[in-house]
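Hi everyone, thanks for having me. Please open the sequence and the model side by side, and let's walk through a few spots together.

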Amino acid sequence: MKEQNKKKIFPDDFQWGVATSAFQLEGSPYADWATWDPCLSKNPLITDHYNLFREDLKLLKELGVNAYRFSLEWSRIQPRDYIWDEEAIAHYQEVINILRSYHIEPMVTLHHFTHPRWFMERHPWHRTASIEKFLRYTEMMVSTLKGVKYWITFNEPYVILLGGYLEGCTPPGLRDVSRSLVALKNIFTCHGKAYDIIHQYVPDAQVSVAHNMSVFAPWKKWNPFDRVLKKTANYFYNHSIIHAFKTGIFIVKFPFSRPVEIDVPIKDKLDFFGVNYYTRIHLRFNPFKKMGVELRHMDIDGHGLTNLGWEIHPRGLEKVLRYASRLNLPLIITENGIASHDTEEKVKYMKKHVDVVEKCLRDGLDVKGYYYWTLIDNYEWLQGLDARFGLYRVDFATLERTPTYAATYYAYLIQSRSNM
Ligand code: BGC
């Protein structure tokens, strides 16, 4: 009886997928990141997915997924301003065709952290010309590529800004609050306009961003400063984007100062909301740290920490999905996964998070899909090649792919939880 109830929870059209990004699998000689992280000089093609993609896509069939999220490497498509590489475009069209022939729904990300080098050198996000450049690329892709209904304009817009404009650890490497706000406005403007362009060419398109959401907690519950930080972080990271999509206004709110409102043309420019969820973060007020904040991961509930030291906190997925449901739109978990060498850990992580998705569906949340991050081991931003998020292990010396038990388990999960 229990088993029967379970089967009804995940609808037939629930998207069981995996997510990847182009650069993390295939690198690109034309991308800003190619020279940004010295670790890539030894393995510029990373897993060589750009050449081995046909074999890799067969793994999706093996898993039995019905959806696949991947990104286009903009720098391969437009290696120079005004030069479009027809072969690269044909390459991504072939990926789509293969997916369609496998009855796997493609979800295409236009921007997943990397840029053509010329773009980052001359038109980074805080310059107005960035808008026209990105939209030209968007229109070229949407008008050329056939067979794509699901589009993600930007992967994790806030992470682009935090890394590139506040921490300065990712391109363009700035630490400049006022430029970060200009960049934010430009990125949001691109999203709003890209939304219209995509719908112009693909009337039944489903468009979103993939937004990274985290659970925040005070380092010490009794400390009022830590509690204020938690509230501020939660407002900024999880809530402000939801507010901006609902109202077209982005509100910058720092403790003890007047909020600043920025108009952003994204009101209602969403068909679903893509949520990337990984972890919970504890925050401590520390006047000696950058912006007075210290972040820490603690193994509070005994689920453990990942290879990257992140707390495993499955309940948090429910929390962020509930926040996101304030948009009154379908939700898709566009990324969720664990960096671990231990395949048992991977299986536990996946099961616990899918259990939470099941609970959310039982409670009536409109969750339409779950995409595991990621298919095969890849390059992890600023962390090298050993994070091990993959369902398939990659030997980076021989490029051999080997299934882990997590791949077998995901195939089983999909079978057992869906109505097929
Ligand atoms: C990003 C991925 C990244 C993953 C693990 C997500 O925030 O979209 O590119 O590899 O997190 O860090």
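**A buried serine and its helix**

Let's start with Ser 240, which is buried, because its relative accessible area is 0%; buried means under 20% relative accessible area, exposed over 50%, and partly exposed in between, with a 1.4 Å probe and protein chains only. Before going on, a word on the source: this is a predicted model, where local features need pLDDT of at least 70, side-chain atom pairs count only at pLDDT 80 or more, and totals for chains, interfaces and linings use all residues. Residues are numbered from 1 along each chain as its sequence is written, and side-chain values use heavy atoms, with hydrogens and water left out.

Which residues does Ser 240 touch, leaving out those up to four places away in sequence? They are Tyr 158, Tyr 235, Phe 250 and Ile 251, where contact means heavy atoms within 4.5 Å.

Ser 240 sits in helix H11, residues 224-247. Helices (H or I, at least four residues) and strands (E, at least two) are DSSP runs, numbered from the N terminus. At His 239, H11 bends by about 50°; that bend is the angle between axes fitted to the seven residues ending there and the seven starting there. The N-terminal end of H11 is capped by Asn 223, with a side-chain oxygen 2.8 Å from the backbone nitrogen of Phe 225. After H11 comes Gly 248, with a positive phi near 80°.

Now, two loops for you to find. One lies between helix H9 (157-167) and helix H10 (177-201), and it holds Pro 172. The peptide bond from Pro 171 to Pro 172 is cis, with omega near 5°. The other loop, between strand S11 (367-373) and strand S12 (392-394), is the place of Thr 374. Here the cis peptide bond runs from Trp 373 to Thr 374, with omega near 20°.

Let's finish with a pair of residues. Is Phe 113 buried or exposed? Phe 113 counts as buried because its relative accessible area is 13%. You will find Phe 113 in the loop between strand S3 (105-111) and helix H7 (117-122), and its phi is near 75°, a positive value in a residue other than glycine. Asp 268 also has a positive phi, near 65°, and lies in the loop between strand S7 (260-263) and strand S8 (273-285). Asp 268 counts as exposed, because its relative accessibility is 52%.

Terms used. Polar contact = N/O pair within 3.5 Å; in protein donor to acceptor, adjacent residues only side chain to side chain.
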